[in-house]
Amino acid sequence: MTDQEIGNLLYEEALRFVNRRFPRGWGGCAAMMTEQGKLLLSVALESFNGSAGLCMETGAMCQAQKENLKITHTLCISRDAPGDTPVILTPCGICQERLMYWGKGVKAAVTNPENRILFRTLEALAPCHWADAFPEEEQEHSCG
Ligand SMILES: [Zn+2]
């Protein structure tokens, strides 16, 4: 599958899930593709204490580590109400750090003015990443 095909699939599955899970009001989720071909979906961990919450991407990343899957693509959407066109959200800085576990080649769908499905590698998002100061073998990576 091409990046565009994967992006379309992630977007469609994410939107289908969001409309089912959030029939009213705000809705959003992350959708990730793995090298093994398994698609992972996850939602934000909401908490009354805002600082205890977690980004939408976190659950899919935990699931990937649990099942020993290698994440290759990630896409996150958010919409204010059913029927609204969801916006694509670039992974936040912390999620980019978490995604780095699967290497700089992980492709993340990024926010853009036309709201197109546009992937950028983690390397492109952070070309001067701090981990470059350390030898590859010292960096913690997935075995995939
Ligand atoms: Zn995040």
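Strands S1 and S2 run antiparallel and are joined by four bridges; strands count as paired if DSSP finds at least two bridges between them. The model is predicted: local features need pLDDT of at least 70, side-chain atom pairs count only at pLDDT 80 or more, and totals for chains, interfaces and linings use all residues. Residues are numbered from 1 along each chain as its sequence is written. Helices (H or I, at least four residues) and strands (E, at least two) are DSSP runs, numbered from the N terminus.

**Overall build**

- The protein has four helices and six strands.
- Along the sequence they follow the pattern α-β-β-α-β-β-α-β-β-α.
- The radius of gyration, taken over C-alpha atoms, is 15 Å, close to the 15 Å that the globule rule (2.2 Å times the number of residues to the power 0.38) gives for 144 residues, so the protein is as compact as a globular protein of that length.
- The C-alpha trace spans about 50 × 40 × 30 Å along its principal axes.
- Of the 144 residues, 28% count as buried; a residue is buried if 20 or more other C-beta atoms lie within 10 Å of its own, exposed if 12 or fewer, and partly exposed in between, with C-beta atoms placed from the backbone.
- Two residues are in contact if their C-beta atoms, placed from the backbone, lie within 7 Å.
- Among contacts between residues at least 6 apart in sequence, 52% join residues at least 24 apart.

**Strand S1 and its hairpin**

- S1 and S2 form a hairpin with four residues between them, and Gly37 in the turn has a positive phi of about 90°.
- Eight of the eight residues of S1 are buried, so this strand is largely enclosed by the rest of the structure.
- Gly27, Cys29, Ala31 and Met33 point one way from S1, while Gly28, Ala30, Met32 and Thr34 point the other way.
- Ala31 has a bridge partner in each of two strands: Leu41 in S2 and Leu75 in S3.

**Strand S3 and its partners**

- Seven of the nine residues of S3 (residues 71-79) are buried, so S3 is largely enclosed by the rest of the structure.
- S3 is joined to S1 (residues 27-34) by eight bridges, and the two strands run antiparallel.
- Strand S4 (residues 87-88) also pairs with S3 in the antiparallel sense, over two bridges.
- Strand S5 (residues 107-109) runs parallel to S3, with two bridges joining them.
- Ser78 of S3 is the bridge partner of Gly28, and its partner in S4 is Val87.
- His73 has Lys107 as its bridge partner in S5.

**The nonpolar core**

- A nonpolar core is a set of buried Ala, Val, Leu, Ile, Met, Phe, Trp, Tyr and Cys residues joined through C-beta atoms within 7 Å.
- The largest such core has 29 residues, of which Cys29, Met32, Ile71, Leu75, Ile77 and Leu99 touch the most other members.
- Two or more residues each come from helix H1 (3-21), S1, helix H2 (58-66), S3, helix H3 (93-99) and S5.
- S1 gives the largest share of this core, five residues.
- Leaving aside neighbours within four places in sequence, Ile71 is in contact with Met32, Thr34, Met61, Ala64, Leu99, Trp102 and Val106.

- Leu10 is found in H1 and is buried, with 25 other C-beta atoms within 10 Å.
- Not counting residues up to four places away in sequence, Leu10 touches Ala31, Met33, His73 and Leu75.
- Leu10 and Leu41 lie 31 residues apart in sequence and 9.0 Å apart in space, C-alpha to C-alpha.
- The buried residues in H2 include Ala60, Met61 and Ala64.
- Seen down the axis of H2, its buried residues fall within an arc of 100° (taken from the directions from the helix axis to the C-beta atoms), so they line one face of the helix.
- S1, strand S2 (39-42), S3 and H3 are among the elements that cover the buried residues of H2.

**Two asparagines with positive phi**

- Most residues other than glycine have a negative phi.
- Asn68, in the loop between H2 and S3, has a positive phi near 55°.
- Asn68 counts as exposed, with 11 C-beta neighbours inside 10 Å.
- Asn115 has a positive phi of about 55° although it is not a glycine.
- Asn115 lies in the loop between S5 and strand S6 (119-121), and is exposed, with 12 other C-beta atoms within 10 Å.
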